[in-house]
Amino acid sequence: MYKIAVIPGDGIGKTVVSEAVRVLKSTDLKFEFRYMEVGYEVFKRVGTSIPEDVVSKLRDTQACLFGATTTPVGAPNYRSAIVTLRKALDLYANVRPVRSYPIRGHVKDVDLVIVRENTEGLYSGIEFEMEDSALAVRVITRRACKRIARFAFDLVMKRRRKLTIVTKANVMRKTCGLFREVSLLVAKDYPGVEVEELFVDAAAMSLVLKPQVFDVILTSNLFGDILSDEAAGLVGGLGLAPSANLGDGYGLFEPVHGSAPDIAGKGIANPIASILSAKMMLDFLGEDEWAERIENAVVSVLREGKYLTPDLGGSSTTREATEAIIGALWKS
Ligand code: NAD
């Protein structure tokens, strides 16, 4: 029996996470789902986005399925729930696979993973005002660089062994300089890996022009956040993009997308990003066979093209898309 925390969050987070749970329940694996509330709706009720006991309750589970939370611009006392949880649980590796699926009009043969440092950088949350200026502190530590570089190199060893380090070390000489220096030092322990370096602006262009050349991209927090949305856009959009936040011994799995207020409550959010995040959770738990079955079911529904949500050009509801995936799960 796996003890799994479920955090639906806000907006479409609630919708898509319950679809992922339905898919997990339709396997023959045993789960105990423990629901917890974090996010903006909780903040409005109780004045904090993460109630006090949530982190310790999470630590009493094996993994967490997370939906999405709203982080409103201009709410002075509000801190992003997901950014806070990543730090609190020390989930230092954000892993965002980007893969071509059989859908019309999208780029073919992409199979890359963005590995993003998840606990510091420009998302350290250290910002302040001085007279007419506003400042953000970009924290980059040797320790965090080392562990994320190790993570990325270990991952690329299981793949095509090409790793791209993305920085802006020509301009941010100290912070990106340290990230680059440590990544290149770690690279020495992996002689079988082809290592290339790109500045983030060039990487953004290459992703559009020739995404197929990338295998694993290693980068810092903000760059990884932006590049992963861009890469997702090439292969079908945020509705298909899953992610894992991994620390030593714990994982939180969530779609790359946010709470999507423009479609919240309409029943048309694409559940696939959340379902593929649940698939990543099964990989993490060592349930490789069910993980593969879930991905195969998603691929077969996409290939058939009959039950697609509007973001993919279809007219199915969230529930219909999930039902089709559950149906395909048992056909395979
Ligand atoms: P978003 O990812 O919520 O939405 C961007 C666009 O993609 C919207 O047009 C939306 O309708 C579409 N989209 C996203 N997911 C979709 C899905 N599953 N199916 C179909 N269409 C989908 O980004 P945003 O609009 O910039 O942010 C909305 C809120 O979410 C903000 O408050 C932001 O801070 C928050 N956010 C949270 C997370 C998180 O919790 N991890 C991540 C990103 C953004």
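Which residue has its charged end over the ring of Phe223? Select Arg138 together with Phe223: the charged end of Arg138 sits over that ring, 5.3 Å from its centre. A charge sits over a ring if NZ of Lys or CZ of Arg is within 6 Å of the ring centre and within 35 degrees of the ring normal.

Before going further, please note that this is a predicted model, in which local features need pLDDT of at least 70 and side-chain atom pairs count only at pLDDT 80 or more, while totals for chains, interfaces and linings use all residues. Residues are numbered from 1 along each chain as its sequence is written, and side-chain values use heavy atoms, with hydrogens and water left out.

**Aromatic rings**

Next, select Trp290 and Arg293; Arg293 lies over the face of Trp290, at 4.1 Å from the ring centre.

A pair of aromatic rings is described by the distance of the centres and the angle of the planes. Rings of Phe, Tyr and Trp (its six-membered ring) pair if their centres lie within 6.5 Å; planes under 30 degrees apart count as stacked, over 60 as edge-to-face and the rest as tilted. Across the whole structure, a search finds eight aromatic pairs. One to select is Tyr2 with Phe31: the ring centres are 5.9 Å apart and the planes stand at 35 degrees, so the pair is tilted. Tyr2 belongs to strand β1 (residues 2–9) and Phe31 to strand β2 (residues 31–35), so the pair ties together parts that are 29 residues apart in sequence. Helices (H or I, at least four residues) and strands (E, at least two) are DSSP runs, numbered from the N terminus. Both Tyr2 and Phe31 are buried, a word that means under 20% relative accessible area, with exposed over 50% and partly exposed in between (1.4 Å probe, protein chains only).

Phe43 counts as buried because its relative accessibility is 19%.

**Strand β3 and its neighbours**

Select strand β3 (residues 63–68), where six of six residues are buried. Two strands pair if DSSP finds at least two bridges between them. Strands β1 and β3 run parallel and are joined by five bridges; Ile4 has Ala63 in β3 as its bridge partner. Strand β3 also pairs in the parallel sense with strand β12 (residues 251–255), over three bridges. Here Ala63 stands opposite Gly251.

**The ligand**

Finally, select the ligand. Which residues are closest to the ligand? Of the 21 residues that surround the ligand, the closest are Thr71, Gly258, Ala260, Asp262 and Asn270. A backbone N or O atom of Thr71 is 2.8 Å from a ligand oxygen atom, and a polar side-chain atom of Asp262 also lies 2.8 Å from an oxygen atom of the ligand. In the side chain of Glu254, an N or O atom is 3.0 Å from a nitrogen atom of the ligand.

The last stop is Ser259, in the loop between β12 and α9 (272–285). Ser259 is buried, with a relative accessible area of 7%.

Definitions and conventions:
A residue is near a molecule or strand if one of its heavy atoms lies within 4 Å of it. A polar contact is a pair of N or O atoms within 3.5 Å; within protein, one must be able to donate a hydrogen and the other to accept it, and residues adjacent in sequence count only if both atoms are side-chain atoms.
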